[in-house]
Amino acid sequence: MSTKYAIGVDYGTESGRAVLVSLTNGEEVADHVTPYRHGVIDKRLPGTDVKLGHEWALQHPGDYIEVLEESIPSVIDASGVDAEDIIGLGIDFTACTMLPIDEAGSPLSFSDLWSNNPHGWVKLWKHHAAQDKANQLNRIAEQRGEEFLKRYGGKISSEWMIAKIWQILEEAPEIYDAADQFIEATDWVISQLTGNLLRNSCTAGYKSIWHKKNGYPSKDFFRSLDPRLEDLTDTKLRGEVVPLGTKAGGITKEMAKRIGLYEGTPVAVGNVDAHASVAALGVTSPGKMIMTMGTSICHLLLGDEEKYIEGMCGVVEDGIIPGLYGYEAGQSAVGDIFAWYIAHGVPSYVNYAANKQGLDVHQYLEQKASEYLPGETGLLVLDWWNGNRSVLVDTELSGLLIGATLQTKPEEIYRALIESTAFGTRKIVEAFHHNGVPVEELYVCGGLPQRNKLLMQIYADVTNRRINIADSKQTPALGAAMFGAIAAGSERGGFDNVVEAAEKMARIKEETIEPIPAHVEIYEELYKEYSTLHDYFGRGENQVMKKLKALRSPANARKGQLLC
């Protein structure tokens, strides 16, 4: 029997990537990236003079289809694999990336009637212009004592589905009325491939306040937001919600011609990028925390039962692995903190020294920072340069560096910044571990673990846990391909469940990062001090960070100019 393959398509913020994967061992045979033709639309609508407001972030849905048309034929050609041996397709996406569609399933932005209205376009995950609606939603839900808030750490995000829909209703009721449904982009792409529109349990649970047993919040709750939203879940959010790995259908005849696969090739329901990585790391049981590490960190964990944990972003049954509860938490800045420091805080002599050694500045500072032992810098940092997502859920907090002197060196600050993000992760680990959702070891993927050994050692030492590192640089796409193989099933050469798929296709490096006992001991002392600062500035005893932020507001800035 010939080797069988599956394709995973990873839709990011700026581009989409297709990866062709062997079902025998998870080998990534070929990959291809297609940049989005229209990129992130945040200034004006393409081809128009229609300007976008502050915090808007849109996309062109046609770009997503172009990824399929460009990248899938490219990986088939590059690999030399017969399309007949490609038995499944899966995708993952940023979320909540959502759009309004008409009765035919076509985006409203494709219509001449609505193409000049920004609310007819895809709202990208980082569209934050619905913050006012999110604030109102949270206030009303809290006043009403809505139980669902506990599943999301006490707050619903402006990035999520309901806040974005409410913004559309408020600012463009004509778009709200014209929309037959509001759907996640990951579900829309699957509908274009198969002709079937299904909602996946991952995005429904984490981004749309859906619960497997209780469904969506009550009609009474939606009426309390706005009477026009009362029937939202029966109308514009209607549709079956199905577990990950479910077969959405087969590729249609038309799409088969356009992307080079056979008609009827099984397609899995949509998934989310970070969540798809869990299966790709071979994690299919509780006790193992997965961290997708890049500009920020998404922390994912499996459990046998539903528990409410402080600061978590959500808990969803079947949300990551069918049959288990998936927990999500996060840090809103990690790699972004290091990048900020290098861009704005590093003196010119560091750049000169790095260039002289043929290193980039990150590599140079990592090398220099590695020469220090824990505690040797005399510095301690709070990692809130972009607010705190978990466990405090407070975007108004800001960063803090303490212990600096005239002798402090750039590499010492760099190391302290790394340590601070590790302390932040430990806060999240302990929030779960001490409240009935065990965390015994860590699994990591993303760009940072592949590039920064010091970072990984510090995380192991601070958390006192073994770290396993992904052996794939395309972990979300690998996970998406695995779910495509599950959709195909064993009768076509695929798998019948995620455990079987993980045994064959998941890839982690043999080498693990072990905590160093002497370092663990010192970091235990530093973490106590971090926790003191964390609670002092983060739990209301000292509001200086929020006062400083308030003084920076445009109104206060203008007031200061007038006084001058």
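Guide: The side chains of D220 and R223 meet in a salt bridge, at 2.5 Å from N to O. By the way, this is a predicted model, where local features need pLDDT of at least 70, side-chain atom pairs count only at pLDDT 80 or more, and totals for chains, interfaces and linings use all residues. Residues are numbered from 1 along each chain as its sequence is written, and side-chain values use heavy atoms, with hydrogens and water left out.

Visitor: What makes D220 and R223 a salt bridge?
Guide: The rule asks for a side-chain nitrogen of Lys or Arg within 4 Å of a carboxyl oxygen of Asp or Glu. Here the N to O distance is 2.5 Å, so D220 and R223 qualify. Both lie in helix α7 (residues 219-225), three residues apart, about one turn of the helix. Salt bridges that share partners join R144, E146, D220, R223 and E230 into one network.

Visitor: Why is D220 called partly exposed?
Guide: Buried means under 20% relative accessible area, exposed over 50%, and partly exposed in between (1.4 Å probe, protein chains only). D220 has 34% relative accessibility, so partly exposed is the label.

Visitor: And why is C202 called buried?
Guide: Its relative accessible area is 0%, so C202 falls under the 20% cut-off.

Note on methods:
Helix = DSSP H or I, 4+ residues; strand = E, 2+ residues; numbered from the N terminus.
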